[in-house]
Amino acid sequence: MIKLNNISKKYSKDSVALNDVTLHIEPGEFVSVIGQSGSGKTTLVKLIIAEEHVTGGAIEVGGWNITRLSQKHLPYYRRQIGVIFQDFKLLPKKTVYENVAFALEVAGEKTERIFDIVPKVLDIVGLTHKTHVYPTELSGGEQQRVVIARSLVHRPKILVADEPTGNLDTINTQEIIEILKRINGFGTTVLLVTHNREIVNQLKRRVIAIENGTIISDKKVGKYQI
Amino acid sequence: MKTVQLFQIKKWVSIKYNMSSIIRVIKFSLQDIFRNFSLSLMTVMILVLMLLSVNAMVLVRVVTNKATTTIKDQIDVSIYFNNNATPDRVQELTSYIVSFPEITNYTFLSSDEALQQFKSTYGENQKIMDALDQLEENPLGPTIVLKTKEPSDYNKIIDALNVPEYRDTIEARTFEDTQRAIDKIDTITKKVEVFSLSLSIFFALIAFIIIFNTIRVTIFTQRTEINIKKLVGATNWFVRGPYLISSVIYSFVSTCIAIGIIFVAVSSIDPQFAEIFQQSDFLTSFINSSIILLFVSQFAIVLLLTIVSSLLAMRKYLRV
């Protein structure tokens, strides 16, 4: 599903975020990427969602080479992967419903279908009662659930979560992880980037550890060890 | 391992914008305007202020042009023919004088008409009338009164007539007495025209810079939202679309408000000019006759400026 072949990312001569990273993730896997701050985890996410471009190597996602994805193809690629951000990235002047619907509207989805899908997805994340509320009126956990709803609404085959629990308390963290596990249960490949030891240990899934821009361990059923 | 193409990027690319996308772009634009109401209000206010300055300069130019034209219209030159000049000679010289392309208007007065006009001008002055009565014959010869396009044109005509050949036919020219005054008026009116044009260009330039920067600030405050929209999968045009529609709305609303204010202002200013220009609705009639041109040109310029500013300001934030 995701193939990173000898990829490197250098921001400048002295700033190397990733160095010769090779990584293959199979369809339906739940993979945690761990590492300390500045290890290159977020750069990895940015490369997968094509927010940044590699300076070396090749990236293939869903059978498509996105190493040099053109601006023309970029939006269509992003509509097929779900992304959860630590800072939520919700549109502040749009309601919960509108934020979720926006992901379908940009893709040219029919209005009737949007009316049908959005309430169902909001129901999955438990936000039916907050449909017409603005993000600023929601708690951190609720905002993250809106982000999950938005990332799920076009039924992506891959869900990339960059520190989704970074701004949440323990209860909300557990809820978010449960939702991610459920999504993975539907067959969606989940790539979770985190430095939360408890979550990783509790998941008992594949764990990839990154340090100084290189993969230092890759275990099928791993624990948080750096 | 066999590669399975789960994503169908090329197929998705072929999807064109349909009608619902256009309706969504308009909906997002209206949402942006009303949900960021204070920002929208500020943008419209600045556009209105800039349009008012430009309109004020247009009116200043109209008034100065009218004033200089009115002053120039007051100037004329009279050529007095000798009383003993033969009618054929007078006719020949009149034809020659009026053939100058610089002449916009002329009036020919026969000896009798010249006397009649003299009497109507000085009729109240008894001494002049008495002196005139003591003369047995009409002392005035035929006269031709000329008006030219520009005050400086009088020089050309006078120079052409100032040759020995015509000395016995032409008795006097009023121009020689008033030449200095005419030259001064000509210089002043030309300077006023240059000054008002320079001021208009200066104001227009300031207006352009402020509009450009206002739109840049508006886009800057929404840079995070542009970024998010791109990450969610919006195409550049889907992000730009609402801003372009907003530009149309801002330009239309601000042009309507500015023209409305100018119309009200002009109605109250007009009486001040009534005495000077002998016309009670000088500015109002100018606005009435040019309303479509004023509206369309200002709307088009503001729209062009706001759209170009939006596209330039957004370029950086769309590179995500």
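In chain B of this predicted model, buried residues, defined as those with 20 or more other C-beta atoms, placed from the backbone, within 10 Å of their own, account for 23% of the 320 residues. Chain B contains 12 helices and 4 strands, taken as DSSP runs (H or I of at least four residues for helices, E of at least two for strands) and numbered from the N terminus. The radius of gyration of chain B, taken over C-alpha atoms, is 33 Å, well over the 20 Å given for 320 residues by the globule rule, so chain B is more spread out than a compact globule; that rule is 2.2 Å times the number of residues to the power 0.38.

Residues are numbered from 1 along each chain as its sequence is written, and chains are lettered from A and ligands numbered from 1 in the order in which they are written. Local features need pLDDT of at least 70 and side-chain atom pairs count only at pLDDT 80 or more, whereas totals for chains, interfaces and linings use all residues.

Between the chains, 26 residues of chain A are in contact with 24 residues of chain B, contact requiring C-beta atoms, placed from the backbone, within 7 Å. On the side of chain A that touches chain B, α2 (74-78) and α3 (96-105) of chain A each supply at least two residues, and α2(A) gives the most, with 4 residues.

Leaving aside neighbours within four places in sequence, A:Val100 is in contact with A:Val118, A:Val121, A:Leu122, A:Val146, A:Ala149, A:Arg150 and A:Val153.

Methods: Contact = placed C-beta atoms within 7 Å. Buried ≥ 20, exposed ≤ 12 C-beta atoms within 10 Å, placed from the backbone.
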